[in-house]
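Hello,

Here is the structure I promised to pass on to you. Have a look at it, and then read on for my notes.

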Amino acid sequence: MFGGTFDPVHHGHLRSAVELSEALGLDRLHMIPAHVPPHREAPGVSSDQRLSMLRLGVEGAPGLVADDRELRREGPSYSVDTLASLREEYGPRARLIMMLGHDAFLSLHRWYQPQRLFELAHLVVVDRPDHEDELPQAVRALVEGREARSGDELMQSPRGGWLRLALPSRLAISATHIRQCLLEERSVRYLLPLSVIEHIQMQGLYSGLRHCAVQRR
Ligand SMILES: Nc1ncnc2c1ncn2[C@@H]1O[C@H](COP(=O)(O)OP(=O)(O)OP(=O)(O)O)[C@@H](O)[C@H]1O
Ligand SMILES: O=C(O)c1ccc[n+]([C@@H]2O[C@H](COP(=O)([O-])O)[C@@H](O)[C@H]2O)c1
């Protein structure tokens, strides 16, 4: 499971998803837009639009799935509920992994029922070059005794561990930066798939872009 606001999805997400899948030999990676992101303001772009951009982003990528299960639930999109539904689908013996970036990991202690995440899955934390803060004590306490030394060790059990993974391409790309560029009518080319840029233009998302030619972006 790789959950996110994906507002919009970008190459930092997509390249990390591919590299993590390869590093751990995953069968499938569900990229799941948060319908009601629990710990941040409501995104300016609808869940349906964020899902549409994600679908375009994963098109043709083997193993990457744009999963709409959080859009089919009401209330805050808590990750424990999403993992519970994946666990039900794949069964008790499947090795389930929740992938998240270092910035999201920093606030894990404030998530809804954080200990239950480990009853349902493993956590794999990927580095982000633009987010290098120290782990708060509360997060250290939460994950104490669970750290695996390698992907192989983690994959020996279906749930309960965590691993820090340094992926080959650490891309300092963020959706905040992309939204800011779009607002200021600066180029976002190469930060996200061209198909997603074109969708943003066609739909007039993130303002200002509607009348700009693709070539200028
Ligand atoms: N460049 C990146 N490299 C690795 N992981 C990333 C990257 N960008 C985001 N992530 C991770 O993807 C998940 C979803 O992130 P999110 O959709 O909030 O993207 P974001 O770029 O951080 O957005 P925003 O700037 O709006 O907060 C989080 O676990 C986050 O840590
Ligand atoms: O379950 C929670 O309480 C919870 C709190 C904060 C974030 N999350 C999830 O973490 C993922 C990354 O969040 P974000 O805000 O970085 O896009 C996304 O799937 C969120 O739903 C989940």
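Before anything else, a word on burial: a residue is called buried if 20 or more other C-beta atoms lie within 10 Å of its own, exposed if 12 or fewer, and partly exposed in between, with C-beta atoms placed from the backbone. Helices (H or I, at least four residues) and strands (E, at least two) are DSSP runs, numbered from the N terminus.

This is a predicted model, in which local features need pLDDT of at least 70 and side-chain atom pairs count only at pLDDT 80 or more, while totals for chains, interfaces and linings use all residues. Residues are numbered from 1 along each chain as its sequence is written, and chains are lettered from A and ligands numbered from 1 in the order in which they are written.

**What the record says**

UniProt, in an unreviewed entry, lists residues 1–180 as "domain: Cytidyltransferase-like". UniProt positions are given in the numbering used here, feature names are shortened, and annotations may be inferred rather than shown by experiment. In the model, that span is 37% helix and 14% strand, and its end C-alpha atoms lie 28 Å apart.

Which residues of helix 1 are buried? They are Gly12, His13, Leu14, Ser16, Ala17 and Ser21. These buried residues pack against strand 1 (2–4), strand 2 (29–33), helix 2 (47–58), strand 3 (64–66) and strand 5; contact here has C-beta atoms, placed from the backbone, within 7 Å.

The length of helix 1 agrees with expectation, because its 14 residues at 1.5 Å a residue should span 20 Å and its end C-alpha atoms are 20 Å apart. The expected span is 1.5 Å times one less than the number of residues. After helix 1 comes Gly25, with a positive phi near 65°.

The loop between strand 1 and helix 1 holds both Phe6 and Pro8. Phe6 has a positive phi of about 50°, although it is not a glycine. Phe6 counts as buried because 25 other C-beta atoms lie within 10 Å. Asp7 and Pro8 are joined by a cis peptide bond, with omega about 0°.

Strand 5 (residues 122–126) is mostly covered, with five of its five residues buried. His122, Val124 and Val126 point one way, while Leu123 and Val125 point the other. In a regular strand the side chains alternate between the two faces of the sheet.

Strand 5 pairs in the parallel sense with strand 4 over five bridges, and Gly101 stands opposite Val126 there. Strand 5 also pairs in the parallel sense with strand 6 (residues 162–165), over four bridges, where Val126 stands opposite Leu165. Two strands pair if DSSP finds at least two bridges between them.

**Around the two ligands**

A residue is near a molecule or strand if its C-beta atom, placed from the backbone, lies within 6 Å of it. Around ligand 1 there are 18 residues, of which Gly4, Gly12, Gly101, Ala175 and Thr176 come nearest. Helix 1 (11–24), strand 4 (97–101), helix 4 (102–105) and helix 8 (175–183) each supply at least two residues of that shell. Helix 1 has the largest share, three residues.

By class, the shell around ligand 1 has seven nonpolar, eight polar and three charged residues. Ala, Val, Leu, Ile, Met, Phe, Trp, Tyr, Cys and Pro count as nonpolar, Asp, Glu, Lys and Arg as charged, and the others, Gly among them, as polar.

Ligand 2 has 15 residues around it, with Gly3, Thr5, Ala34, Trp111 and Tyr112 nearest. That shell divides into eight nonpolar, six polar and one charged.

Arg170 lies in the loop between strand 6 and helix 8 and is partly exposed because it has 15 C-beta neighbours inside 10 Å. Leaving aside neighbours within four places in sequence, Arg170 is in contact with Asp127, Arg128 and Pro129. The C-alpha atoms of Arg170 and Ser16 are separated by 7.9 Å, although these residues are 154 apart along the chain.

Glu185, in the loop between helix 8 and helix 9 (194–203), has a positive phi near 60° in a residue other than glycine. With 14 other C-beta atoms within 10 Å, Glu185 is partly exposed.

Ala138 lies in helix 6 (residues 137–143) and has 13 C-beta neighbours inside 10 Å, so it counts as partly exposed. Ala138 and Gly57 are 81 residues apart in sequence and 35 Å apart in space, C-alpha to C-alpha.

How values were computed. Contact = placed C-beta atoms within 7 Å.
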